[in-house]
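Could you walk me through this structure?

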Amino acid sequence: MRLSRIIMALTVGLAVVAVPTAAGAAQPQPAPSATTDPPQPPPYPPAAASLTVNRPTIFLGETVVLTGTGFGPNETVDIVVSVTPLAAPAAGQAPARRSDGTTVAMAPVAYQASAPLSFTAFTDAQGRFTKSYKPSVTGLLTFTATGRESGRTASTELRVLHKKQPLPVTGDSIGTPMKLGGGLVGAGAIMLLLTLAWRRRQRFGGAAH
């Protein structure tokens with residue numbers, strides 16, 4: 001009887017000791033703090049937008065094509081054009097040349113627009129667009145494109161020159177052709193007089209015989 005009580009007491013004591021241990025093992029472990037984990041880099045870097053023009057230099061009245069890539073898909077792109085006047089001589093335009101070899105600069109100073117121009121373009125599913133543009137002013141045009149949703153921006157430049165004009169005829173340029181023409185007229189008159197004299201001599205010489 002006494003042995004049974006001792007065994008029962010030991011069993012109860014072991015059960016009491018085992019309960020807290022099992023309870024502690026059943027408790028969920030705290031998750032690691034988010035602040036201690038290093039930030040993960042994005043899988044791909046953001047795409048860079050670009051803007052190009054098919055011809056870097058044109059004459060006033062011609063049309064160019066702008067091409068944008070790397071913008072957001074199916075978004076509106078705002079394009080702003082700023083104009084800087086050209087003070088240098090127009091490329092490909094020869095100056096007027098005097099007869100003494102000196103030259104006269106004929107390149108006019110380009111007109112600058114009073115306010116920047118602006119228009120919009122729309123990208124496709126790949127973030128690409130093309131837009132035709134016909135400048136109405138001369139100068140160095142800077143196009144800046146900005147996507148409304150993506151915020152991506154890009155820029156490019158275009159040089160617009162005056163149309164090629166025929167070189168004006170200066171006083172010195174007129175003088176040389178007139179001198180040459182006068183000499184030819186004088187030589188022709190002398191040849192005519194010699195021809196008449198020869199015919200007259202032939203006619204009177206034949207009559208004498």
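Here is a short chat about the chain shown above.

Reader: What kind of model is this, and what is the mean pLDDT of the chain?

Author: It's a predicted model, where local features need pLDDT of at least 70, side-chain atom pairs count only at pLDDT 80 or more, and totals for chains, interfaces and linings use all residues. Residues are numbered from 1 along each chain as its sequence is written, and side-chain values use heavy atoms, with hydrogens and water left out. pLDDT is the predictor's confidence in each residue, from 0 to 100. In this chain, 49% of the residues reach 70 or more, and the mean is 73.

Reader: Which pattern does the chain follow along the sequence?

Author: Helices (H or I, at least four residues) and strands (E, at least two) are DSSP runs, numbered from the N terminus. The chain has 2 helices and 10 strands. Read along the sequence, they give α-β-β-β-β-β-β-β-β-β-β-α.

Reader: How many of the chain's residues count as buried, in percent?

Author: Buried means under 20% relative accessible area, exposed over 50%, and partly exposed in between (1.4 Å probe, protein chains only). The chain has 209 residues, and the buried share is 20%.

Reader: Which residue does R148 meet in a salt bridge?

Author: A salt bridge here is a side-chain nitrogen of Lys or Arg within 4 Å of a carboxyl oxygen of Asp or Glu, and the chain has 2 of them. In this one, the N to O distance is 3.0 Å between the side chains of R148 and D78. The pair links distant parts of the chain, 70 residues apart: R148 sits in the loop between β9 (139-147) and β10 (153-161), and its partner in strand β4 (residues 76-84). R148 is exposed at 53% relative accessible area, while partly exposed, at 27%, is the label for D78.

Reader: And which residue pairs with R55 in a salt bridge?

Author: R55 is partly exposed, with a relative accessible area of 32%. The side chains meet at 3.1 Å, N to O, and the partner is E62.

Reader: Which residue in β8 stands opposite G68?

Author: Strands of a sheet pair through backbone hydrogen bonds, either parallel or antiparallel. Here β3 and β8 run antiparallel. Opposite G68 stands F129.

Conventions: Two strands pair if DSSP finds at least two bridges between them.
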